[in-house]
Amino acid sequence: MKKVAYINNRPFAIEEGETILQFVRRYHGKNAVPTLCDAPNLDPFGSCRVCSVDVALEQGGKTKTQASCHTPVQEGSYIYPESQNIQKLRKNIIELVLTDHPLDCLTCEVNGNCELQDVAARVGIRDVRYPDGENHLDRKKDLSHPYMTSDLSKCINCYRCVRACDEVQGQFVLSMAGRGFDSKIIKGMDETFFESDCVSCGACAQACPTSAISDIFQSKAVKATEKTRTVCTYCGVGCNLEVSTANGEILSIQAPYDAEVNEGHTCLKGRYAFGFYNHEDRIKTPLIKRNGKFEPATWDEAYDLIVSKFKSILETDGPDAIAGISSARCTNEENYLMQKFIRAVVGTNNIDGCARVCHSPTALGMQRTFGTGAATNSIEDLKHTNCILVIGANPTSGHPVTGARLKQFAMKDGNISIVIDPRRTELAKYATYHIPLRPGTNVAVMNMMLYYIISEGYVAEEFVKNRTEGYEEFEKQVLATDINGMAKIAGVDKNLVREAALAYARAERAMSFHGLGVTEHSQGTFAVIQIADLAMITGNIGRKGVGVNPLRGQNNVQGMADMGVQPHQGAGYLDVTNPDVNGLYNNFYGRKVPSHIGYKIPEMFDAAIEGKLKALWIMAEDVVQTDPNTHKVRKAMDSLELLVVQELFMSPTAEMADVILPGASFLEKSGTFTNGERRVQRVNQVVAPLPGTKPDGQIVVDVMNRMGYPQPDYDPAVVLDEISQIVPFFKGIKWAELGKNGKQWPVKEDGTDTKILHGEEFKRGKGRFVFNEFAETTEIVDHGREFPFILTTNRELEHYNCGTMTRRTNNVKILTEDTVMVNPADAALKGVKDGDSICLISPRGKVDLKARLTDEVRQGVLSTTFHFPEIMVNELTGDVHDSEAKCPEYKVVAIDFRKSKGLVGRKVGEMVEVN
Amino acid sequence: MSKNLSELSGRKGLKYNLFDELGKLAIEDGTPNKDALAKAADEFLIGKANTYGTASFYDFMRPENKGKKAYVCNGSACLCAGTQDGVRTELEKHYKADEIGDMCCLGRCHENGAFHIDGKNYSAKTAAEIAQIATNGKQNGVQGNQDKYAIECYGTQVLTAPFPGVDAYYELLLSMIERGQDACLEDIKKSNIRGRGGAGFPMWIKLDGCRKQDADQKFIVCNADEGDPGAYTDRYLLEEQPHSVLFGMMMAGFITGADYGAVYIRAEYPEAIEITENAIKDLYAKGWLGENIKGTGFNYNFKVIKAQGAYICGEETALLNSIEGQRPEVRVRPPYPVVNGLFNKPTIVNNVETLAAVHYILEKGGDNYASIGGGKSTGTKLLSLDSHFNKPGMYEVDMGTPLKEVVYNIAGGFKKPVKAVHIGGPLGGLVPTHKIEDLTIDFESFAQEGFLLGHASMLCVPEEFPMVKYLEHLFEFTSHESCGKCFPCRLGAKRGSEMFHKAQNEDYKIDRELLNDLIHTMETGSLCALGGGVPLPIRNGLMYFEDELKEYLS
Ligand SMILES: Cc1cc2nc3c(=O)[nH]c(=O)nc-3n(C[C@H](O)[C@H](O)[C@H](O)COP(=O)(O)O)c2cc1C
Ligand code: SF4
Ligand code: SF4
Ligand code: SF4
Ligand code: SF4
Ligand code: FES
């Protein structure tokens, strides 16, 4: 028999551990009990007391008034949610609230969408009987911040903002000050939003029931006529967004509470950085370069030029003289079309994507070990794990919503968190173990971890025996590791590494997360393999709360690779050199597709310089700015006969183009993005494309048709249908069935999706152990003596990569320039003070940047961002790539630095070439 | 009530305690400077808003406390005694007006005229005395720091028994460890002792609940934040019988598996802090604390935490937040402290007087203790009587002793006409003198008559003191001390005090229905017993002093 409790004397089944509020609302709806301090994503707090109900132990018995939001429902109790007593209580509480609240609803920003207003109306308040007394109506508005606003005269002291900042974002910007009647919300030490450490996630504004904390978009005002649910375009977390529009214009963005990915949270990029979409800088017409100058053109002119060029190059140089670079910013459908165009229409495998510069080693390393290059588990698994291992990632900046969750995890006692990163990142500050290794030595440190796990007997023997291969040889090699030597090379305390390794191994469930600090190295693929080895050797695969979980940089890197945007694998990761696969593709596309591997991005540049590559079509990527070694990239672009660039804004790459095609932003088109946990989610068009622009997918379709390949107009449902027939793990994905929260691939034909990979066996059968020894990068071997410091890169929360979009939003007002972090000891050595301009010198060039002294970086290491192209940090970076996946080594640059010698004739950040 | 803040503060725990550190930062200027607060926030990873928010809560840390050098007691007893205007006037001759602050109840309710200078309490009667203290304040041994009051026992001697010396007293620890946790708990259960801090909750239930928790760390917290104006029982125990309290905490630790005890003592009792600290030092020196005490395998350590001036810290969950360095706002329950207390670990919070009885119970047996008094109220009770009695002081009586016996015989009646005795602190009942004979010293009798035994302090409202002013004072006290978390108390106490103030000073009459609504809202709606409790004496006042009050009511 189910346990019951009574609501107004009628029995209802209760659930274990639920509160009276949850119980009553479950049966009678949200309106059955009013609340003010309660919020869907916050712990019960019990401050407003309007949720009070009467509870008796027997029918009609003596009642006690209890706050329903934090009182567990008791079996057999009699609950009266609306007794006379309760009605009176609620009304009297609200009356008290109104003695210290402005009574000017009609002019209030949230009029019509205010929880206080709703509750006041519900309890039937008519007037305030108290004589005039002290109040706080004269509090000043805070309009200091580019996004956040406050008007604390409207504050009802419900603490929702404080709790959101604490329990959701973990930033601790807000608190109360003073006590009792005079207690008031503060930011930092009673400062403005702008002066505080606020990261503008907007959680507090979304949580605030009144207009006391809001944002410049007035996101709680009700003038919106329509709300559209879509997916954020700024990172691989894939947050769901609810976009409000009126008359075809975007007003504001909120985070839906029922989103599995972000559970009512976003970061400032997702919530506030949408202002770029109708920015005046948007390119609104195709542009053709004539005599070195761009001239507006019609679509027909542009297409004609492109098609005729393509055709003539095809004729004279063959298909391999043409290449395409696709974009992780674009939808799955667009990526699919782009690679299809290159493969089936042009007839070459010269297709690659920007993942080359970030996560190609992840895909390769994990494929080699497991058979699939994707995250094995889901972010939700954080609720079930005991340990997190975060390597080479700064998720609180790069993947803010996941970062916030990781931080929440790390703060809790008993949870183990291990951060391996040269920098003392935000997460490292909270971690149980932080191993601050020298950049470029991940492989050394992870071999040490493997060594300790094996030598101290923490290997999950059963798992290794039943599920893996190659272990014996692997073990021998690991045990031969020179621990002291590796510790010295990496500059780490071996006992710390040992403790961390054993903590990871002992945890019942351990999840690993890694980012570009792992992949953007000469040994990137090897390091990924080791992360996978660590998971296998400890049995952390195929269950809830375990696994290997790469933190995908861009929003759709996963999807782009899934769709076949790489030169060696077609849609669905099928090997292009395999004759069966070739037959399958030929058949499916109805054209002959080549079976030799095409160029990777760096090879495209080489081929262009060598004159072998004549035409390049780049969809929404700024390779000049984001690829390493800018000189070389520019030279390659210059060597091309035809460079086509699809873009929203003029970029350094677009400037070099022969033809620019104006694409549409994610807010203006539909399709799907696949986030870092293989979740294919619907991107729904919010507003029509800006006049003169087209969805990138439509542009590709147009060119396909003009090249003589019949392809129906861009419609995600139709393209997705096509994809599901060729990509095995998309088999059961249908546009109409993706629902609000999407589906995690592989999706079976019947539509069931997969939260955890490799449950029973690996994609490739057995997991493969392979040992790789640490090898110093040639960058250090060749230049380390002359350039004794290491420059590494990091990203700041406020901007997205090179910032073409975020810099066209208010985000620039928050973070205005790139800086370089320098350890105070190193700075002292060079006589550099905080805020000084310093000159960074690499074997390839030099650049001036403003120094920020901090012990977040260790001695010998400097770290900088790359959001502002003026600085062109990539001028400094080298040409070293990951030996396997050809991902460039952004994370290790040998440099020296000195105080700038006065900026004679040049500005900070301006680049000067050497030799 | 932030889980995260509890965890982060818990990383450093009691040894390097956030609240303690914040307190130290305030010593020099009376309030921590912003740089120091920012540094502490960084060190504990909790954000500047939190260190600032915490500091701004407390009377002795908030920015307004900057530069304060002397404090005048503004507790109810000194108020009713009418001594404080004189004290302030006299002090103003020696300090600038803004160097003089308020302190609420220094525990000198038996002689009044209380004030605090440089970490010491005084009660002085004459201007000359005050002048002498103000000029020589920094020197020890100044007359007036020592106070005197009667300490007498009129029944079984449990709490006032003479102390036989450390080793003799702590012998019992060894034999109890030998007897084992179950047997000790059984005795506490049999004794039926109920908490003396106000709520009267059976001690054994908490011990049992905490014992059953599976946790790597547990804590015993002694609530010595005796903030009730009129109460100085805990002060007496800590100053005169510190070992009974410490022993009780150690036994609670033994029974529940906790190896750390925190004694949270209010800043208004500087002498109690010093004496308790010395007693602990003595225990370490004699090998009764630390690891593997006397080879028993039992470990125990103490930390004394000095409070910073906030009545609400006496509420147990606010107290836990306070130790953690969070704002001492009341937590919701569940989870209860025995499950999720200090730093989110299982924790026992008991009042000083409750803990002080443990030695007797374990030595003489639970049955023996239970045979004193009866029903729900077993054992003895300490009563603190203010200066309106002919014999002010500290009296230990058996539970069940008639109140009139205490008032008229033991304490020798009143010095001057008194109309009501406020028993059990500001949240206790306001007993009109004619009801004295209907009451006996026990939980049941007080509850039956519509009062509350509470901590059993007795504070007199003299005949000439206007009841309307006293009720205003109660609302104002609540408003000043409200943690501000819940709406009914934060707003209600303020509006209540405004209405009573207006009624005395302006052409305004309090709307009875509104006042009743207000009282009802606070009583049924408040989160804790501050907002929920003050309606009791207000109601008592309205009921028993209708004649006096009706001119203010419509
Ligand atoms: C506003 C308020 C103030 C309190 N002050 C004290 C106090 O000063 N000392 C105390 O022991 N208990 C105080 N309490 C009661 C405590 O919350 C708690 O019940 C008590 O410490 C438990 O100990 P006991 O079971 O030994 O009584 C107070 C409660 C409230 C609501
Ligand atoms: S915007 Fe985010 S970080 Fe800033 S105060 Fe609000 S919740 Fe905290
Ligand atoms: S600012 Fe808003 S959320 Fe914060 S306490 Fe005030 S009303 Fe509540
Ligand atoms: S975390 Fe990533 S996906 Fe989510 S809102 Fe921020 S940028 Fe967008
Ligand atoms: S009743 Fe007063 S003191 Fe208690 S929680 Fe509410 S506001 Fe705080
Ligand atoms: S919703 Fe329960 S007290 Fe506010």
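With 12 C-beta neighbours inside 10 Å, Asn8(A) counts as exposed (a residue is buried if 20 or more other C-beta atoms lie within 10 Å of its own, exposed if 12 or fewer, and partly exposed in between, with C-beta atoms placed from the backbone). Asn8(A) sits in the loop between strand S1 (4-7) and strand S2 (10-13) of chain A, where helices (H or I, at least four residues) and strands (E, at least two) are DSSP runs numbered from the N terminus. The phi angle of Asn8(A) is near 45°, a positive value in a residue other than glycine. The model is a predicted one, in which local features need pLDDT of at least 70 and side-chain atom pairs count only at pLDDT 80 or more, while totals for chains, interfaces and linings use all residues. Residues are numbered from 1 along each chain as its sequence is written, and chains are lettered from A and ligands numbered from 1 in the order in which they are written.

The strands on either side of Asn8(A) belong to an open sheet of five strands in chain A, ordered S2-S1-S5-S3-S4 with mixed pairing; two strands pair if DSSP finds at least two bridges between them. S2 and strand S4 (63-67) of chain A stand at the edges, and because each has a single partner strand, one side of each is left without a neighbour in the sheet. From one strand to the next, the twist averages 35°. Within this sheet, strand S3 (residues 52-56) and strand S5 (residues 78-80) of chain A are antiparallel and share three bridges, and Val55(A) has Ile79(A) in S5(A) as its bridge partner.

Two helices lie across these strands. Helix H1 (residues 20-28) of chain A lies across S1, S2, S3, S4 and S5 of chain A and runs at about 70° to S1(A). Helix H2 (residues 84-98) of chain A lies across S3, S4 and S5 of chain A, at about 155° to S3(A). For these angles, axes are lines fitted to C-alpha atoms, for helices over the stretch in contact, and angles run from 0 to 180 degrees between N-to-C directions. Two residues are in contact if their C-beta atoms, placed from the backbone, lie within 7 Å.

Further along chain A, strand S8 (residues 174-177) and strand S9 (residues 184-187) run antiparallel and are joined by four bridges. Ser175(A) stands opposite Ile186(A) in S9(A). The two strands form a hairpin with six residues between them, and Gly178(A) in the turn has a positive phi of about 70°.

The ligand sites come next. Ligand 3 is surrounded by 14 residues, the closest being Cys155(A), Cys158(A), Cys161(A), Cys208(A) and Ala212(A); a residue is near a molecule or strand if its C-beta atom, placed from the backbone, lies within 6 Å of it. This shell has eleven nonpolar, two polar and one charged residues (Ala, Val, Leu, Ile, Met, Phe, Trp, Tyr, Cys and Pro count as nonpolar, Asp, Glu, Lys and Arg as charged, and the others, Gly among them, as polar). Around ligand 4 there are also 14 residues, of which Cys232(A), Tyr234(A), Cys235(A), Cys239(A) and Gly270(A) come nearest. Eight residues of the shell around ligand 4 are nonpolar, five polar and one charged. Helix H6 (268-272) and helix H11 (400-411) of chain A each supply at least two residues of that shell. Domain 2 (129-278) and domain 4 (360-550) of chain A each give at least three, with domain bounds taken from an automatic or database domain assignment.

Between the chains, the contact takes 47 residues from chain B and 48 residues from chain A. On the side of chain B, the elements giving two or more residues include helix H1 (3-12), helix H3 (34-44) and helix H21 (487-505) of chain B. H21(B) gives the most, with ten residues. By class, this side of chain B has 19 nonpolar, 16 polar and twelve charged residues.

Some backbone details deserve a look. Most residues other than glycine have a negative phi, and most peptide bonds are trans. The peptide bond from Trp745(A) to Pro746(A) is cis, with omega near 0°, and Pro746(A) lies in the loop between strand S31 (743-744) and strand S32 (767-768) of chain A. A cis peptide bond also joins Arg333(B) and Pro334(B), with omega about -10°. Asn292(B) has a positive phi near 45° and counts as exposed, with 10 C-beta neighbours inside 10 Å.
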